[in-house]
Structure formats: structure tokens, C-alpha cells
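Let us walk through this structure one piece at a time. Keep the sequence and the model in view as you read.

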Amino acid sequence: MDLAYGAEYEAFREDVNRFIEENKDASPRQSGTGRPNADQRKWQDLLIKNGYAARTIPSEYGGYGAEPDILKSRIIAEEFTKASLPLGLASQGVSMLVPTLLELGTEEQKKQWIEPTIRGEVVWCQGYSEPGSGSDLASLQTKATEDGDDFIINGQKIWTSTAQVSDMIFCLVRTEPDARKHEGISYLIFSMDTPGIEVRPLMTMTGYAEFNEVFFTDVRVPKNQIVAERGQGWFVANATLKHERGMLGDPNQAGTRLAAIIDLMHDETVSGERLIDNPLFRDRLVQLQARVAAMQFHGMRLLTASAKKEDPGIARLVVKLMGCELNHQLAALAIDALGELGVLYERSPHLRSGGRWQRSYMFDLGLIIGGGTAQIQKNIISERGLGMPREPKPARKEGAA
């Protein structure tokens, strides 16, 4: 197997590294997924201008307008990861809605929303999960009824990340209540300032309100704010989920964490011995390092399939499952490496890295559930990827609907 990129691409890599060296001091300290601050937006503008963010988004929608080249995209990700620099905004709008609009949106929707989204001027949240639905997303009950040129929305969403800071929402609603479960769903986009929307933050065990409940009471939304056709929301939602699961299992993120843990194990000591020299910790580190490498090479496999315009099949399905579990286990190793400092939290003056590892360890549990639980992912892999029999459903009680 020849993993060499070739002379043309190695020259491109030099260009990327030259940009990094000349501009690294302008990088913001953090690349959070909430509302971006001025430094983050300035960095994003610089990356777009030079083709390192929104690279293949057409220039008429505010992107750089490069032809798709998966190897160049891969090199950019590799070098920014190696330099520990954020590769632009990774919000739900940028990573999930924009590719969905490019694939299925109208020309008017693309021109109105893509540029302000990729520049961090408009922040989006995702209205998918509902109370009582669990992992059965298609059973959603938020209803949109017709009233002239508008829909009137009533219902509730839950576990809605960043809703408290978002300007807009892409939301699944049931427009045909009598249709079968996966039919009669529509995908609407509308302002979070629309009268009738109430957001209630949910405090999680991280100590922060990363999720929210969102209530809709007679929320009026114009019918032309639907993406794709009415009743095709399940199809559109799956297009968005495809991008979400790829984002959650990004092997470059795991590589960045691994590098930080190696630094941590060089710094932390037990009885004067560096943890990097302790055989038990080294064994755990090497096991995780092998899994990170496996994920990165798996990413190369997906790239190869994409370059050949082939469907990677089951290979694509394992990314979210393995990536989220791996990130959680990396955070767990960091917590153990911190020893008694690993149990500190909130505002302790003895926190290392501002409590980054404690927060990641607890937040990542949610990511194993979000975007389809690990159990759901295993069912999808076994049934759609391996062709195994479907999971038996519980028998319905007599007289149940």
C-alpha cells in the first residue's frame, strides 16, 4: 500500500505550513461551538480568504470556491492538527446545515444563509430530539398545521445544543399527522426570535448548560422556509445526520487529544517518575495510540472510496461509533494521569488546563448518545452493513395502538 501523496501535494503541504507559520499568532485560543467571538470570526475570515475553511463552497455563496480535492483537504487537516490550530468554525450550522443546503436547498436559501453561517454571523441549532421519542427520532410529535401561507408550529424539542445563543433553527416537524411514521415530516428553518419560542437551558453534569429544552406555542413560519419538498423531512434529516456523524467521529480531533495527553504525561510525575516512563500508563497510551492510528488510516480508506466515487458502505458507518468512544477513553486516560487533581472541578485554583479534561470526560458521554446512540449505531452497522437480521421488537400489548 503506497500512502505517499506525490510531489504536487507535498508542494501544497509546504504552502499550508508557510501559512501556518506566518499566521499562527492570529489564531484564537479556543474554537468552541457556541457563538463565536470577534477573534474567532476574524480567524475564520482569514481561513476562508486563503482556502483553508469553506474551501469547496462556491464563491457565490461566500466560500473559497476551490475544486474538490480530497487529498488537499486531508493535508490541510493534517497540518493544522499537527500545529494544534483550529481549522475554522465547527458549529452545527457550518458542519451540518451548510452541506445540507448545498445538497438540497433552493438557490434562494443558499444565497441567504450559507455566507453568514460560514462567517459565524448567524448561529444555528438543531431541532430534532423530542421527549418520549428516545432514539426513535421518526416518532417526533411536534406539529405544523397550515394557515394560509404559513405553518403554525406547536410542540417541544429537547437536548437542543446552543439553542440559548442561536439565531436560527433547522427543525423537524410533522406536517401530515396521519402519514406513516417516517413520512409526513418536513424540515423547516426559522428564526429563534419568532414569537412563541421559549428556551429553557438544561444544566448537565459538566456544570454548564450545553443543552436546552425548546417549546413552540403557535409559532408562525412561512411555508417557503421548508428545505426540499413537504413531507421529505426524513430524507433531509438523514442527509444532515450523515454530516453530523462524520463531524462527531473526526479522527483529527482524536489525534489532537492524543498529542495533548502525551505532553501531559511528560509533565506529570508520581514519586518523581514521569508518567510517560510508567509502564502501566505507557501501556494504556500505546493502546489508545494504536486506535487513533487505526481511525486515521480508516479515514484514508474513506478518502480513497470518495476519490473513486465509490460508496464506502459499512466503513462509513463505524466512524461515529468508534470516534466518540475513543475520545471519551482518551479523556479518561488524561483524568487518571492527573491523579487527585483529576477529580477537581469548577473554579479550583489547582485545575490543570482550566478543567479541560474533566469537562471533556463528562461531556463526551453525551456525544456517545447524541447523533444516534452507540447501541443504535451498532444496530445500523449489523443490519445495514453486515446484513444481519433486524433486532427483534418488543411484542405489543393487546389493544395497544
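Which residues of α3 are buried? They are K72, R74, I75, I76, A77, E79, F80 and T81. Keep in mind that this is a predicted model.

Stay with α3 for a moment. The helix has 13 residues, and at 1.5 Å a residue they should span 18 Å. At the start of α3, look for D69. A side-chain oxygen of D69 reaches to within 3.1 Å of the backbone nitrogen of L71. Just after α3 comes S84, with a positive phi of about 55°. The buried residues of α3 pack against α1 (7–23), α2 (38–50), α7 and α8.

That list leads on to α8. Helix α8 covers residues 279–307, 29 residues in total. From its first C-alpha to its last, α8 reaches 41 Å, close to the 42 Å expected at 1.5 Å a residue. N278 caps the N-terminal end of α8. Here a side-chain oxygen of N278 lies 2.9 Å from the backbone nitrogen of L280. After α8 comes K309, whose phi is positive, near 55°.

Now look at what α8 hides. Its buried residues are F281, L285, L288, V292, M295, H298, G299, M300, L303 and A305. An α-helix has 3.6 residues a turn, so residues three or four places apart point the same way. What covers the buried residues of α8? The cover includes α3 (70–82), α7 (251–267) and α9 (314–337).Next come the open spaces. The second largest pocket has a volume of about 410 Å³. The elements that give two or more residues to its lining are α3, α7 and α8. The largest share, 6 residues, comes from α8. By class, the lining of the second largest pocket divides into 8 nonpolar, 6 polar and 5 charged residues.

How many cavities of 30 Å³ or more does the structure hold? There are 2. The second largest cavity holds about 40 Å³ of space. P36, L89, S91, G93, T117, G120, V122, V123 and W124 line the second largest cavity. That lining has 5 nonpolar, 4 polar and no charged residues.

Two single residues complete the walk. Q358 is found in helix α10 (residues 356–369). Is Q358 buried or exposed? Q358 counts as buried because its relative accessibility is 3%. The side chain of Q358 reaches the backbone oxygen of L341 at 3.2 Å. Leaving out residues up to four places away in sequence, Q358 touches I335, L338, L341, G342, L344, Y345 and L351.

The other residue is P222, in strand β7 (residues 211–222). With a relative accessible area of 31%, P222 is partly exposed. P222 and F151 are 71 residues apart along the chain, yet their C-alpha atoms are separated by 6.1 Å. P222 also touches D149 and D150, again leaving out residues up to four places away in sequence.

Note on methods:
Residues numbered from 1 in each chain as written. Predicted model: local features only at pLDDT ≥ 70, side-chain atom pairs only at ≥ 80, totals over all residues. Heavy atoms only, no water. Helix = DSSP H or I, 4+ residues; strand = E, 2+ residues; numbered from the N terminus. Expected span 1.5 Å × (residues − 1). Buried < 20%, exposed > 50% of the residue type's maximum accessible area, 1.4 Å probe, protein only. Contact = heavy atoms within 4.5 Å. Polar contact = N/O pair within 3.5 Å; in protein donor to acceptor, adjacent residues only side chain to side chain. 1 Å grid on protein atoms, 1.4 Å probe; cavity = no way out; pocket = protein on both sides within 12 Å on 5 of 7 lines; lining within 4 Å. Points joined across faces, edges and corners; volume = space filled by probe spheres on them. Nonpolar A, V, L, I, M, F, W, Y, C, P; charged D, E, K, R; others polar.
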